[in-house]
Structure formats: structure tokens, C-alpha cells
Amino acid sequence: MKFKIFISIIILGLLSACKNSLDLYPLAQPSAEKWYSNETEIQLALNDLYRIDWWQWDEDLLSNQYLSDDGFYRQTLSSIKSGTVTSQWSFSIAAWRNGYKAIARANRAIEAMNRPETQEKVSASKLNQYLAESRFHRAAQYAKLVNKFGDVVYSNDVINLEDAYVIGREAKETVIPKIYEDFDFAIDNLPANYPASAVKRATKGAALALKARFALSEHDYETAEAAARACIDLGEYDLFDDFGGLFLQSTKNANEVIFSIPRSVELNITVGNTSDKITRNSGGYAATNPTWDLFCSFLCTDGKPIDQSPLYNPHDPFKNRDPRCTQTIVEFGTAHLGFIYDPHPEALTVRRLSTDTDVKNNDNRVNAQFASFNGLVWKKGIDNSWLENGRNIAPDQIVIRYADVLLMYAEAKIEQNDIDESVLSAINQVRARAYKADVENTAKYPAVTETDQSALRKVLRMERRMEFAAEGLRYMDIVRWKIAGKVLNRPIYGLLDPSDLQSKVVDAGLWFFPGTPSLDMDGIPDFSQMAATGLIKNLVNTSWNDRQYLWPIPAAEIQINANMRQNEGY
């Protein structure tokens, strides 16, 4: 039923148009005097706030725009990873523009619903719910803008065109309480859930979860803890029993998902062609890949990092790893998209499962020079259904899920050095699910028992990386932790070219990894020793610039508004 939301989105999309980048008062909008005249019209208008354009990730498995150290696109770097972000960077322009488009629509709805003629036609309780929905969306959009840009243009009213050209940025310290106020109104007035037959909209839990995320990003740990704890205490959410299955496009309405934007093949609300993520044997390109940095971050089944665990074997690197490793990255020698996946340079043929015959292995760089440059390909969320419908897929866009709330709660408590059993329980629930174990059955998974703040901080950060790879959260994690300067100022490594790989690595019995990198306190592997021996290849150097901890205000905004200040360094 929640797919019905797209019908009205399409209608409103045809009616909307923007006048400038802030889109504060578009001309071609339904007149507020003729619209919002009854409950149905209010619902239809609010549907536009669920447009997927307003809820895009910084990066995810469906994008080639890798901002973090989790993935890469061959030897091409995003502006973030090359340190070349400018005020004309299209990605930040889109984030600014879309944020303000959504805010403008929310403000317009709030203004109309506060009019006496509207209040006469809709019950007070329903009106409060719709106001809460609008304020939830406004808070969420301002939260993202503050996270990315710092000080922002803030208004909780519809702004006319003249004012839009002169309004300046407001200090984020004064905006943050206003964002909290909107979230709190939403928390107080949104329902905890909707009937099974109803269209799914924003809920109390969604407001609590996104408030916790925003507070954590702004290092307001007390607020983050309280919001996350309140979300947990609602009792509305559970961890999905199958980590790998959670991300498949066939999984809809999982109880772990707190807030998502639906897609539908039937309604043509889809991702588009996904060939860059599909292996070459299956007809794709496998041009976007997980990094070795991400691969090495997955713990072993004893709960220890690969540089400390006796279970780790660099020549059989998928063995004895946290289950999320092989549910995120395709294990060598296993079935994937109709073929056995094997990047070994001597595996010139592989098995096609549909015919049980051996065919040329195009996922091997001996046969295909543009096969994965580091041997790894994505598995998370990918199954045979990706080969249907012209490789056009429609997984729901998960904005926030319960595992994130649990780990945010734990992080907020750790950063306050208020470590108790509830912190360990929150982390262990997430970890136990990966092993398909009950959290109390510690014989089935490596339960966390550490209580030292510094050590537990490392555990938490590695847990987040294993859990949320390719979900768009890693970039803001490394920004929040202020480690972007470390993780994005180093090479992206890969395999040697085929002839050297054969003679220096394979013939020497060193496939897949010629050694085990050491991991630092943030779980970041050091490949420099292997690189110095010439046994791995530097594919491309990343180069972070600290100014990028805040993104630039789009150049067009600066040019048309003398009162608009640019962020430092741009």
C-alpha cells in the first residue's frame, strides 16, 4: 500500500518548478488558498516530502560517487577523495538545492495548515499529526544541511523572492535548538505505527532516530543517548533475522527499518541500470568495488582483528571472518549471479551454473583487463533478481534502521564514558544477529565484554563499519570522528598487473594477500610494507583537504546574494 505514495508524488512533481537554488518560493505551485482545503489534499501535498530526491545517501552501493574509504571506481576519484571540492561541485550543489526544495515545501504546508480556514475543516488531532509530519521533514533536511555546510540559511516561514536574494546564513548554534524543537514536536504528535493496510509515513520512532543521528553528528552525546534510548524503548523495532536478506529488493517492510522511501518496478520508481555492480561474467562491468581497507576491517570469528587473530589466513582471507564479510563481499569460489566467482589469475574458466559448463572467466584480469582491479566485488543486496528487468532494480531506500539506533546509543554512552551493561547489550545485539545467534548465547558469537572507553570506542567503530558498509553512513562517520584526514590521505591498493601477479605473488604461494596488514586504533590497515616489497599495486592516491569537513556553499548562491558567506577555504 505504501507505493500509493508515488501517484501523488508524480502529480506534484508535474506541478512544481524552482525559481532559484534555494527554491524558497516556486511560482508554479498549487495555490495555498485553493489547496489544503481538506484532509485528502493535505495528505497528497505532504506526499511530495517523501520524494526520493530529498533522501539520497552520500554514497551507497547503487552509486559510483564514493566519498569514503569503503569503495572505489577503478582509478577515478570523487572530488572529496582527490581533495578538489569547489563551490561548483555538483554533488554539494544538489545536496543544498534538494534540501531547500524540501524545506520550502514543508514551510508552505505548515503555513497553509496554520490558517483558520484549514483548521476549521480538519480535526485538531489530525492537523497536529500533519503538522508534525511537515516539521519532521523540515528538521531532517535542516539537520543534513547543518551536518554538511555548518551555518545555514534558516527560515520556518515561506520566504518571498525579494527576501531570498538577501537572507544570510545563521550560526548553526542557534539553528540546532530549532531543529530539536521540530523533531520534538514530531515525536510528540506522530503515531508510533500505522495500520498494516495504511500507507507508511513518518513515525515517532523515525523522529527519535533521526534526532539521535543529528545529535551524534554534532557531538551532543547526551541528547543522542536520550533520543536513541527512547526509540529503543518504544518496542516497535527488531533486528531482521537475516542480515544479508535485509538488503534484497524482495525484502519489504522489515521491522528493522524505521524509515525508508519505497521504490517500485511496477510504478517505474527504480534505481536504473546497475551494470557497474554486476560481475563481468554476468554481463556487467564490476567497475565499482569494495576497497581492501573495508575487506580488512571485518573481524575474525573470535572477535579479533585480522592482525591479532590466529584464525586469519591471508592466503584464504574469507575463512573464519565475521559473517557480514561474505554477505558484503563475494567470497572467492562461491556462486554469484549465475557463475562461480573466482578472480585467481589461473582460473581462466569458471562454471556457469545454469548449464553446469565451464566458460571463459571474464572476472579474471588475464582474460579481461577491466575486471575488478583488486579482485573484490560487492555482494550486499545483490542477488539474481538484479539480472531481471533490464538490470533495473527497485530496493527500498533505507534511511535509518534499528541497528543504527542501537549502535548510536552505544556510541553516545561510550563518548560520555558512561559504560554499562546496556552499552554492551546494544553492540552485542547487532553482532549476534550477524551470526544468527541469540544475544544471550555467547557460545555462538564473539560477544563484546570490553569496558575500557578507548578500547570499546575501537570496537564500536569497527562494528559500525562491518554493519553499514555500502549504506551511505561511513562518510559521515569518518567526518564525525575527525579521521577523514587519515583514511583519505593514502593510496587505494589493488592487484599487480597479471604477469607480475603470477610471477611475484601466485608462483610464490602468496595469493591472495602476500601478507597481513597491521590495523591501527581506528581499524585502518597499513599496506605500506606490502607495497614496499612490490607485491601489491598502488592504484591511485587519495588526497583529503581539511576544508572539506564542511562543504562549500554553491557558487551561484554567493553570486546572487551579497549577504551569503562562503565556508573557509573555498
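How many nonpolar, polar and charged residues does the lining of the second largest pocket have? The structure is a predicted model, in which local features need pLDDT of at least 70 and side-chain atom pairs count only at pLDDT 80 or more, while totals for chains, interfaces and linings use all residues. Residues are numbered from 1 along each chain as its sequence is written, and side-chain values use heavy atoms, with hydrogens and water left out.

Pockets were located on a 1 Å grid over the protein atoms alone, a pocket being an open set of points with protein on both sides within 12 Å along at least five of seven lines, and lining residues having an atom within 4 Å of a point. Grid points are joined across faces, edges and corners, and a volume is the space filled by probe spheres (1.4 Å probe) set on the points.

The second largest pocket holds about 780 Å³ of space. Its lining comprises 38 residues, with Val 257, Phe 259, Ser 260, Asp 396 and Ile 398 nearest the centre. Two or more lining residues come from each of strand 2 (257–261) and strand 10, strand 2 giving the most, with 4 residues; strands (E, at least two residues) and helices (H or I, at least four) are DSSP runs numbered from the N terminus. By class, this lining has 20 nonpolar (Ala, Val, Leu, Ile, Met, Phe, Trp, Tyr, Cys and Pro), 10 charged (Asp, Glu, Lys and Arg) and 8 polar residues (the others, Gly among them).

The largest pocket has a volume of about 940 Å³. Of its 46 lining residues, Trp 55, Gln 56, Trp 57, Asp 58 and Lys 144 are closest to the centre. Helix 6 provides the largest share of this lining, 8 residues.
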